[in-house]
Amino acid sequence: MDKQFWEARWTNNEIAFHEGQPNSLLKDHMKRLGLKPGDTVFVPLCGKAVDLDWLCDLSLVVVGIELNHEAAMSVFARMGLDPEITTIGNLKLLSTEGLKIYVGDFFDLSEELLGEVHAVYDRAALVALPEDIRQNYSKHLASISGNATQLLISYDYDQSQTQGPPFSVPKSTIENLYSDGYEIELLESRDIQGPLTKRCRGAEFVLMMKAL
């Protein structure tokens with residue numbers, strides 16, 4: 001994980017990946033995960049996504065990990081929460097009842113620290129990573145989450161149109177990364193929306209991935 005790159009993006013407010021409202025694909029397809037109040041959803045590379053608020057409003061336990069401390073703190077501030085802050089190895093843990101965000105490198109997060117996970121929501125993690133990191137990411141995510149069912153949002157566009165992130169990670173690439181351990185179902189595909197339309201044209205799609 002390139003900490004300096006992402007810290008610079010946050011410092012310079014180069015965060016077009018941040019959506020100011022819950023992702024509509026998440027809202028439309030969340031029910032497919034079959035979660036109940038009290039279940040845990042893990043959100044890797046969560047940033048300060050408003051998706052976190054929306055998931056908490058469903059009475060789910062939300063656990064995220066994010067490199068940038070200020071981004072993580074802003075989530076709690078937005079929700080009017082004062083988190084307890086503890087240091088665990090190379091990570092910091094910001095926590096309140098129902099919401100926990102680890103601050104640090106994703107690869108420093110272990111299965112023991114994460115605990116039981118009922119589902120993973122990946123909107124801005126896989127697509128944020130360059131090709132040479134994705135395989136290690138996918139393996140580590142499957143390992144620490146116990147191969148929990150994933151709702152994954154990705155993009156498919158001509159990478160020559162713009163430099164990522166978010167990168168183009170088509171369904172075929174995701175199948176190469178995950179098909180050994182997951183059954184992969186395309187739930188919806190639509191034209192790219194939001195700020196990314198200024199840079200490229202293509203598809204935004206959502207997959208549900210269940211352990212084999």
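How many bridges join β6 to strand β7 (residues 149-157), and in which direction do the two strands run? Four bridges join this pair, and the strands run parallel; strands count as paired if DSSP finds at least two bridges between them. The model is predicted, with local features requiring pLDDT of at least 70 and side-chain atom pairs pLDDT 80 or more, whereas totals for chains, interfaces and linings use all residues. Residues are numbered from 1 along each chain as its sequence is written, and side-chain values use heavy atoms, without hydrogens or water.

The chain passes from β6 through helix α6 (residues 131-144) to β7 in a right-handed β-α-β crossover, that is, with the strands pointing away from the viewer, the path from the first strand over the helix to the second runs clockwise. Strand β1 (residues 40-43) is also parallel to β6 and is joined to it by two bridges; phenylalanine 42 is partnered there with valine 120. Within β6 (residues 119-122), Ala119 and Tyr121 point one way and Val120 and Asp122 the other, and all are buried (under 20% relative accessible area, 1.4 Å probe, protein chains only).

The protein chain has seven helices and nine strands, assigned as DSSP runs (H or I, at least four residues; E, at least two) and numbered from the N terminus. Its radius of gyration is 16 Å, close to the 17 Å that the globule rule gives for 212 residues, so the chain is as compact as a globular protein of that length; the radius is taken over C-alpha atoms, and the rule is 2.2 Å times the number of residues to the power 0.38. Of the 212 residues, 50% count as buried.
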